[in-house]
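Subject: Structure for you to look at

Hi,

Here is the structure I promised to pass on. Have a look at it first, and then read my notes below.

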Amino acid sequence: MKFKSKNLFLAAILILLTATLGCSIDSNKNQVVIYTSVDQVFSEPVLKAFESETGIRVLPVYDVEATKTVGLVNRLIAEKSKPQADVFWNGEFVQTLVLKEKGLLEKYKPSGASGVPAEFVDSE
């Protein structure tokens with residue numbers, strides 16, 4: 001996959017895996033907190049492009065290599081009563097299902113997602 005295509009794919013995944021966890025982008029602060037287990041070398045260019053295009057400041061929280069996605073998932077579970085993240089971006093399907101089963105994901109259908117193949121979209 002070419003780098004540009006990979007960024008586009010990652011951006012689509014970011015949109016599809018949006019889990020606002022009861023939070024929303026604070027329009028007064030014009031910022032969004034993103035927890036991500038996607039390697040920084042791949043996620044950072046996408047997040048910077050998002051900032052450039054929207055003017056919304058991105059505050060990324062990256063995983064720790066030792067715990068990867070599981071560490072962020074545990075953090076999200078621990079923060080359930082007072083969520084800190086607006087978005088959780090990861091590539092681990094099973095961990096996303098754990099969050100879904102615990103009621104930590106919010107439904108979201110982005111307006112630009114109509115071209116995403118159905119096999120990549122959760123029916124809920």
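**What I found around β1**

Strand β1, helix α2 (residues 40–54) and strand β2 form a β-α-β unit that is right-handed (with the strands pointing away from the viewer, the path from the first strand over the helix to the second runs clockwise). Helices (H or I, at least four residues) and strands (E, at least two) are DSSP runs, numbered from the N terminus. Bear in mind that this is a predicted model, where local features need pLDDT of at least 70 and side-chain atom pairs pLDDT 80 or more, while totals for chains, interfaces and linings use all residues. Residues are numbered from 1 along each chain as its sequence is written, and side-chain values use heavy atoms, without hydrogens and water.

β1 covers residues 31–36, and six of the six are buried, so the strand is largely enclosed by the rest of the structure (buried means under 20% relative accessible area, with a 1.4 Å probe and protein chains only). Q31, V33 and Y35 point one way, V32, I34 and T36 the other.

β1 runs parallel to β2 (residues 57–62), with six bridges, and parallel to β3 (residues 87–89), with three; pairing takes at least two DSSP bridges. T36 partners Y62 in β2 and stands opposite W89 in β3.

V33 and Y35 also belong to the largest nonpolar core, which has 10 residues (buried Ala, Val, Leu, Ile, Met, Phe, Trp, Tyr and Cys joined through side-chain atoms within 4.5 Å). β1 and α3 (68–78) each give it two or more residues, and α3 gives the most, three. A separate core of nine residues includes V32 and I34.

Cheers

How values were computed
Buried means under 20% relative accessible area, exposed over 50%, partly exposed in between (1.4 Å probe, protein chains only).
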